[in-house]
Amino acid sequence: MRFNRNTRSNILGAALNDAFSKREERLKKAAKQIATQIYNHVYSLKVRKQMDELPEGALPTTDDVKVNVNGQVFIFPLPEERPVFNSHTYKPMGVIPADSKLADKIAEHQLLMGKLRDERNELKTKVRSILNSVSTAAQLKKTWPNGAKYLSSESTKVVQLPAVQVEEVDTAIATAKKAA
């Protein structure tokens with residue numbers, strides 16, 4: 001079977017997922033922990049208790065936190081929706097001092113995310129060049145033997161075209177001409 005754009009995309013996605021999924025999950029988990037720390041930094045325990053005592057729907061909720069560190073706004077996903085003041089729905093919740101441990105965690109996380117993104121893009125380019133140089137599963141197996149594990153069963157099956165009888169086609173054409 002010849003590869004099409006979708007087949008190449010599926011192989012590329014499987015290879016990138018295999019290479020980076022564990023690190024991505026660890027970084028997502030770390031981002032949620034940082035978001036919780038930011039939320040707790042902005043809203044003291046006393047304020048959080050007061051928020052919890054309000055009737056449901058009294059405050060808007062958000063599933064991420066926005067924070068300003070050194071003039072840059074960073075967004076981190078919260079583990080679950082949490083109540084916020086109206087002004088914190090779309091704007092940064094506050095400013096984290098640049099010399100704080102929390103600011104250091106944010107900077108380290110952003111550095112790791114950038115490194116992962118760069119590595120992912122570099123590998124994506126390399127895998128894409130291999131996939132663009134082949135057009136069948138057999139060629140892929142020959143060119144990149146380890147890449148064969150990213151083939152789906154759909155892309156490795158051989159398609160058997162129906163046998164077309166030349167005489168039947170000629171007869172159908174002649175019949176159609178006579179009918180005209």
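**Rings, sheet and cores**

Y39, Y43 and F85 are linked into a cluster by ring pairs. Before I go further: this is a predicted model. The count of aromatic pairs comes to three.

Take Y43 and F85. A pair of aromatic rings is described by the distance of the centres and the angle of the planes. For Y43 and F85 the centres are 5.1 Å apart and the planes make 75°, an edge-to-face pair. Where do the two residues sit in the chain? Y43 is in the loop between helix 1 and helix 2 (45-53), F85 is in the loop between strand 2 and strand 3, and 42 residues separate them, so the pair links distant parts of the chain. Are they buried or exposed? Y43 is buried, at a relative accessible area of 1%, while F85 is partly exposed, at 36%.

Another of the pairs is W144 with Y150, which is tilted: 5.8 Å from centre to centre, with 40° between the planes. W144 is buried, with a relative accessible area of 19%. The cut-off is under 20%, so W144 falls on the buried side of it. Y150 is buried too, at 15%.

Leaving out residues up to four places away in sequence, Y39 touches R48, M51, V65, L78, R82, P83, V84 and M93.

Strand 1 and strand 2 run antiparallel and are joined by eight bridges. To follow the pairing on the screen, find T61, which stands opposite P83 in strand 2, and then D64, which stands opposite P77 in strand 2.

These two strands form a hairpin with two residues between them, and there N70 has a positive phi near 55°. Most residues other than glycine have a negative phi, and most peptide bonds are trans. N70 is a residue other than glycine, and its phi is positive. N70 lies in the loop between strand 1 (61-69) and strand 2 (72-83). With a relative accessible area of 64%, N70 is exposed.

Now the nonpolar cores. The largest has 19 residues, and those touching the most other members are I38, Y39, V65, V67, V69, F76 and I106. Which elements give two or more residues to this core? They are helix 1, strand 1, strand 2 and helix 3. Helix 1 gives the most, with five residues. Apart from this core lies another, of 16 residues, including I11, A15, L116 and V127.

Helix 3 has 32 residues and spans 46 Å from its first C-alpha to its last, close to the 46 Å expected at 1.5 Å a residue. Its buried residues are L102, A103, I106, H109, G114, L116, V127 and L131. What do they pack against? Their partners are helix 1 (5-42), strand 1, strand 2, strand 3 (95-96) and helix 4.

S135 counts as buried, at 17% relative accessibility. Not counting residues up to four places away in sequence, S135 touches M1, R2, F3 and R8.

One more residue, T175. T175 is in helix 6, residues 166-179, and is partly exposed, with a relative accessible area of 49%. The C-alpha atoms of T175 and V127 are separated by 52 Å, and the two residues are 48 apart along the chain.

Technical notes. Residues numbered from 1 in each chain as written. Predicted model: local features only at pLDDT ≥ 70, side-chain atom pairs only at ≥ 80, totals over all residues. Heavy atoms only, no water. Buried < 20%, exposed > 50% of the residue type's maximum accessible area, 1.4 Å probe, protein only. Contact = heavy atoms within 4.5 Å. Helix = DSSP H or I, 4+ residues; strand = E, 2+ residues; numbered from the N terminus. Pairing = 2+ DSSP bridges. Expected span 1.5 Å × (residues − 1). Core = buried A, V, L, I, M, F, W, Y, C linked by side-chain atoms within 4.5 Å. Phe/Tyr/Trp six-rings, centres within 6.5 Å; stacked < 30°, edge-to-face > 60°.
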